[in-house]
Amino acid sequence: MCDKIIPLKQTKNGFLLHCTCCETYHLTFGHFYLELNRKEMEHFKTYLEHLDPLYWENFYCSCSMKRKIPIPTLQLNLHIMLNRSELEELKGLLGISGASAQELIKAENVDYSYSKN
């Protein structure tokens, strides 16, 4: 990774960084990490914009999986699985219209236990 990394957005489950040196986007969301160039990022955003969560939720309705919305990868036996709220959060993180993401993470979204003692 280069030293010219600019944070773009952050949510409870992820963040998006951009390296101005190598023009690479670094996306961390949940348990996955992607490095995408500009063209790959645009293709990924377009795919997410057209993804129909209702179709996949109905397709996997008889499965006991809690995440039913697949995002395919180049490895044919590997998919990134999301639930609807995760998909909306990811869309917001990427700035896809119709979704929302906060510019900076708020304290109430940090999954951290603390004691007032």
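**Entry 1: burial and the chain as a whole**

I began with burial: a residue is buried when its relative accessible area is under 20%, exposed when that area is over 50%, and partly exposed in between, with a 1.4 Å probe and protein chains only. By this rule, 30% of the 117 residues of the chain count as buried. I note that this is a predicted model, in which local features need pLDDT of at least 70 and side-chain atom pairs count only at pLDDT 80 or more, while totals for chains, interfaces and linings use all residues. Residues are numbered from 1 along each chain as its sequence is written, and side-chain values use heavy atoms, with hydrogens and water left out.

Next I looked up the secondary structure, where helices (H or I, at least four residues) and strands (E, at least two) are DSSP runs numbered from the N terminus. I found three helices and six strands, and along the sequence they follow the pattern β-β-β-β-α-α-β-β-α. For contacts, which mean heavy atoms within 4.5 Å, I wrote down that 36% of those with a separation of 6 or more are between residues 24 or more positions apart.

**Entry 2: the sheet**

I then asked in what order the strands of the open sheet lie. The four strands have the order β1-β2-β3-β4, with antiparallel pairing, and two strands are said to pair if DSSP finds at least two bridges between them. The edge strands, β1 (5-10) and β4 (32-37), each pair on one side only. Neighbouring strands of this sheet are turned by 20° against each other on average, direction ignored; axes here are lines fitted to C-alpha atoms, for helices over the stretch in contact, and angles run from 0 to 180 degrees between N-to-C directions.

Looking at one pair, I saw that β1 and β2 (residues 14-19) run antiparallel and are joined by five bridges. One residue I followed was I5, whose bridge partner in β2 is C19.

**Entry 3: E23 and T24**

In the loop between β2 and β3 I stopped at E23, which has a positive phi near 55° although it is not a glycine. Most residues other than glycine have a negative phi. E23 is partly exposed, with a relative accessible area of 44%.

Is T24 buried or exposed? T24 is buried, because its relative accessible area is 14%, and it lies in strand β3 (residues 24-29). Leaving aside neighbours within four places in sequence, I found T24 in contact with L17, H18, C19, E35 and L36.

**Entry 4: helices over the sheet**

I traced helix α1 (residues 38-50) across β2, β3 and β4, and it runs at about 120° to β4. Helix α3 (residues 84-93) lies across β1, β2, β3 and β4, running at about 155° to β3. Seven of the 10 residues of α3 are buried, so this helix is largely enclosed by the rest of the structure; the buried ones are E86, L87, E89, L90, K91, G92 and L93. After α3 comes G95, with a positive phi near 75°.

**Entry 5: aromatic rings**

For ring pairs I used rings of Phe, Tyr and Trp (its six-membered ring) with centres within 6.5 Å, where planes under 30 degrees apart count as stacked, over 60 as edge-to-face and the rest as tilted. The count comes to six aromatic pairs. One of them is W56 with F59, edge-to-face at 5.4 Å centre to centre and 75° between the planes; both residues lie in helix α2 (residues 53-59), three residues apart, about one turn of the helix. The pair of F59 and Y60 is edge-to-face because the planes stand at 90°, with the ring centres 4.9 Å apart. F59 is partly exposed at 48% relative accessible area, and Y60 also counts as partly exposed, at 21%. I noted that Y55, W56, F59 and Y60 form one aromatic cluster.

**Entry 6: the largest pocket**

Last, I looked up which residues line the largest pocket. They are L34, L36, E40, F44, Y47, I71, P72, T73, L74 and I80. A pocket is an open set of points on a 1 Å grid over the protein atoms alone where a 1.4 Å probe fits, with protein on both sides within 12 Å along at least five of seven lines, and lining residues have an atom within 4 Å of a point. The elements giving two or more residues to this lining are β4, α1 and β5 (69-72), and the largest share, three residues, comes from α1.
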